[in-house]
Amino acid sequence: MSDTIAPNVLVILDVDGTLLTNGTALREPFYMAFEEVTGKDIRGKRVDFAGNTDRGIIRQYIELVGVEGNYEELFSAFADRFCELVERDYPTHPSPRLLDGVQALLEALHDHPDAAMVLGTGNIAASCMTKLDRFDLMKYFPHGGGFGGDHEVRSEALLAAVEAG
């Protein structure tokens, strides 16, 4: 795609459940990071992850287990620690897998002169990039996108994805 001609089609892709599946690879890093930052164990406690952002999920857990403190500071500390753990563990964890047909789809869209791809995901950007790097997929998203580490509401992450494209 030429950098001087705007694409006619902007394709916004989510990551988890759209491009890949994580299996159990993120469970322990998530629990560990939350407990290290807040002192609270959330194993066995449930909030709705579907359609949510990492910011929204952390806010729900903070409220559920009664964590006191500044939300922005708590989220920032959580995000930093979670991403460290994901970067350490995810690349060699046995659970993650690329979903069928994803590689062919991304190659076809990447080669299409009228299309541009961006990410629109609830993930924190750094953890998202670690996931995509495992499968060598970041090369398909040079414009980045909108991320749930930056936006608590998914629609705001999607608007950021449109702006990135």
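T38 is found in helix α1, where helices (H or I, at least four residues) and strands (E, at least two) are DSSP runs numbered from the N terminus. T38 is buried, with a relative accessible area of 18%; buried means under 20% relative accessible area, exposed over 50% and partly exposed in between, with a 1.4 Å probe and protein chains only. This is a predicted model, in which local features need pLDDT of at least 70 and side-chain atom pairs count only at pLDDT 80 or more, whereas totals for chains, interfaces and linings use all residues. Residues are numbered from 1 along each chain as its sequence is written, and side-chain values use heavy atoms, with hydrogens and water left out.

**T38 and its surroundings**

- A polar atom of the T38 side chain lies 2.7 Å from the backbone oxygen of F34, and a polar atom of the T38 side chain lies 3.1 Å from the backbone nitrogen of K40.
- Leaving aside neighbours within four places in sequence, T38 is in contact with V67 and L74, contact being defined as heavy atoms within 4.5 Å.

**The loop between α1 and α2**

- I42 is found in the loop between α1 and α2 and is buried, with a relative accessible area of 0%.
- Apart from neighbours within four places in sequence, the residues in contact with I42 are F30, Y31, F34, Y61 and V65.
- Not counting residues up to four places away in sequence, N52 touches I57, Q60, G122, E152 and R154.

**The largest pocket**

- The largest pocket has a volume of about 540 Å³; on a 1 Å grid over the protein atoms alone, a pocket is an open set of points where a 1.4 Å probe fits, with protein on both sides within 12 Å along at least five of seven lines.
- Grid points are joined across faces, edges and corners, and the volume is the space filled by probe spheres set on the points.
- Of the 25 residues that line the largest pocket, D16, L26, F30, F49 and I57 are the closest to its centre, a lining residue being one with an atom within 4 Å of a point.
- Helices α1 (27-38), α2 (54-65) and α5 (125-134) each supply at least two residues of this lining.
- The lining divides into 9 nonpolar, 9 polar and 7 charged residues, where Ala, Val, Leu, Ile, Met, Phe, Trp, Tyr, Cys and Pro count as nonpolar, Asp, Glu, Lys and Arg as charged, and the others, Gly among them, as polar.

**Loops on either side of α5**

- N123 has its place in the loop between β4 and α5 and is buried, with a relative accessible area of 5%.
- The side chain of N123 makes a polar contact with the side chain of T121 (2.4 Å); such a contact is a pair of N or O atoms within 3.5 Å, of which, within protein, one must be able to donate a hydrogen and the other to accept it, and residues adjacent in sequence count only if both atoms are side-chain atoms.
- Beyond neighbours within four places in sequence, N123 is in contact with V15, D16, D54, C128, K131, F147, G148 and G149.
- D136 lies in the loop between α5 and β5, where D136 has a positive phi of about 55° although it is not a glycine, and at 46% relative accessibility D136 counts as partly exposed.

- The buried residues of α4 are V102, L106 and L109, and they cover an arc of only 70° around the axis, which puts them on the same side of α4; the arc is that of the directions from the helix axis to the C-beta atoms.
- These buried residues of α4 pack against β1, β3 (97-98) and β4.
- In helix α6 (residues 154-164) the buried residues are A157, A160 and A161, which fall within an arc of 105° seen down the axis, so they line one face of the helix.
- The buried residues of α6 pack against β1 (9-13), β4 (115-121) and β5 (145-147), whereas L159 and E163 are exposed on the other side of α6.
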